Amino acid sequence: MIPSIVATQVHNCVSDYLRTTFRPTTPGFEGLLERFIAKPDNIGKGPYVSIGLPFRPGNQSGDFFPEIPLGFTPHLHQERAFARLSPPYYQSTLVATGTGSGKTECFLLPLLEHCRQQASTSSNQGIKAILVYPMNALATDQAKRIAELIHNTPSLNNKVTAGLYIGDKDDSPSPTMGPNKVITDKQVIRDAPPDLLL
């Protein structure tokens with residue numbers, strides 16, 4: 001795909017659409033659309049090319065969380081987040097980086113490790129972390145991802161729980177976790193709070 005050719009094709013398609021959809025029949029508007037289309041910047045500007053630079057690779061090798069396999073080589077910003085969010089000295093951390101850079105893993109893996117460590121003692125039952133998402137759809141998507149991670153990690157499966165508490169009415173709320181679902185039954189969440197609450 002050559003960007004300049006694609007940009008020309010899009011420009012021509014939009015011009016054709018405008019010509020066929022808006023045919024002025026009112027006196028005084030003749031030629032108005034053609035004059036508008038004739039000016040190059042009225043329909044589109046560009047093409048613009050955006051180059052995504054690779055994220056800086058990490059410096060360390062090995063597992064940050066021995067009981068929770070990473071399954072990937074962390075980027076430098078992930079390594080730094082893991083170092084700041086690992087026990088016993090948790091530090092406030094802000095991760096600002098591009099889309100697809102693994103921001104979720106920066107906080108989720110340390111949270112799961114913390115929940116795993118706390119799961120061995122019965123006095124530490126209840127919510128360890130609350131994850132707030134701006135949209136129900138995003139929270140639901142992340143809930144499935146978290147459920148899969150917990151289910152597929154032996155050190156977490158049946159030891160760490162996660163629940164989703166959103167305003168939407170659930171037609172079939174789940175009272176337990178599964179391979180791709182978290183607890184969604186609001187009464188169960190109230191009676192036996194999960195380790196992670198979304």
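## Salt bridges within and between helices

Helices are DSSP runs of H or I that span at least four residues, and they are numbered from the N terminus. In this predicted model, helix α1 covers residues 3-21 and holds both D16 and R19, which stand 3 residues apart, about one turn of the helix. The two side chains form a salt bridge in which the closest N and O atoms are 3.4 Å apart. D16 counts as partly exposed, at 44% relative accessibility, and R19 is likewise partly exposed, with a relative accessible area of 31%.

R19 also forms a salt bridge with E34, where the closest N and O atoms are 2.9 Å apart. Because R19 belongs to helix α1 and E34 to helix α2 (residues 32-38), this pair ties together parts that are 15 residues apart in sequence. E34 is partly exposed, its relative accessible area being 41%.

## A salt bridge between two loops

In another part of the chain, the side chains of K128 and D195 meet in a salt bridge, with 2.7 Å from N to O. K128 lies in the loop between α5 (103-118) and β1 (129-130), whereas D195 lies in the loop between α7 (186-191) and β3 (196-197), so the pair ties together parts that are 67 residues apart in sequence. K128 is partly exposed, with a relative accessible area of 22%, while D195, at 7% relative accessibility, counts as buried because the cut-off for that class is under 20%.

## Network and total

Through salt bridges that share partners, D16, R19 and E34 are joined into one network. A search of the whole structure finds 5 salt bridges, among them the pairs D16 with R19, R19 with E34 and K128 with D195.

Conventions: Residues numbered from 1 in each chain as written. Predicted model: local features only at pLDDT ≥ 70, side-chain atom pairs only at ≥ 80, totals over all residues. Heavy atoms only, no water. Salt bridge = Lys/Arg side-chain N within 4 Å of Asp/Glu carboxyl O. Buried < 20%, exposed > 50% of the residue type's maximum accessible area, 1.4 Å probe, protein only.
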